[in-house]
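I opened my notebook to look through this model, starting with charged side chains and moving on to the sheet and helices. Here is what I looked up.

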Amino acid sequence: MTHYDGAADSAPAKPLFVVQRYPSQHLVARGIGILFMVGAVVLAATEVIERDPLAYIGVTVWLTTLGGLGAIIFFYALSLGRARILVFDDHLVVRSSRRRARIVPASEIAELAALMSGRVRGKDADGRMLFETMRVYQGFPEFASWLQEKTPRQWAEMESVGG
């Protein structure tokens, strides 16, 4: 497994397809995060306008709780939007939400596991996770076909266990 920065060669090949969340999933979460942050600012401003002697406590509470929660949701949604699997003929370029992209040759996929909630996880021979995706993601049907073709034994084992 090697890391991939996307600019290693001058004309990178186009992927066959991409497996990723539908954009609406992380865009809605971003909107909710922004809504929470705006709500915190409005409520904090209301505390200041009322000129209550303890307004600074209200401002602090609104900005740290509601504003902080909104910021957490917003930045988590940003990281979710980055996660994807680029599928090529003989390898994957996997980008999780928090790490750099890395190249995973099809030959390194030693195990496939069907998990709860429709998730599928691929591991290497040492048991390290190579990728994880969900059956409801954009491009998953094509990815399932690719896995069946490139890792037939692992796919069959996963399906027999209950995938």
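**Entry 1**

I began with R119, which is partly exposed at a relative accessible area of 27%. My terms here: buried is under 20% relative accessible area, exposed is over 50%, and partly exposed lies in between (1.4 Å probe, protein chains only). I keep in mind that this is a predicted model, where local features need pLDDT of at least 70, side-chain atom pairs count only at pLDDT 80 or more, and totals for chains, interfaces and linings use all residues. Residues are numbered from 1 along each chain as its sequence is written, and side-chain values use heavy atoms, with hydrogens and water left out.

Which side chain does R119 meet in a salt bridge? I found E132, at 3.0 Å from N to O; a salt bridge needs a side-chain nitrogen of Lys or Arg within 4 Å of a carboxyl oxygen of Asp or Glu. The pair links R119 in strand 7 with E132 in strand 8, 13 residues apart. E132 counts as partly exposed, at 28% relative accessibility.

**Entry 1: the sheet**

I followed those strands next (strands, E, at least two residues, and helices, H or I, at least four, are DSSP runs numbered from the N terminus). An open sheet of 3 strands has the order 6-7-8, with antiparallel pairing; two strands pair if DSSP finds at least two bridges between them. At the edges I noted strand 6 (111-114) and strand 8 (129-134), each pairing on one side only. Strand 7 (residues 119-123) is joined to strand 8 by 5 bridges, and R121 has E132 as its bridge partner there.

Helix 3 (residues 140-150) lies across strands 6, 7 and 8, at about 140 degrees to strand 8. For the angle, axes are lines fitted to C-alpha atoms, for helices over the stretch in contact, and angles run from 0 to 180 degrees between N-to-C directions. Contact means heavy atoms within 4.5 Å.

K150 and D89 form one of them, at 3.5 Å from N to O. K150 is in helix 3 and D89 in the loop between strand 3 (84-87) and strand 4 (91-95), so the pair ties together parts 61 residues apart in sequence. D89 is exposed, at 51%, while K150 is partly exposed, at 27%.

**Entry 2: H26**

Is H26 buried or exposed? I wrote down buried, with a relative accessible area of 10%. H26 lies in helix 1 (residues 23-50). Leaving aside neighbours within four places in sequence, H26 is in contact with A77, L80 and G81.
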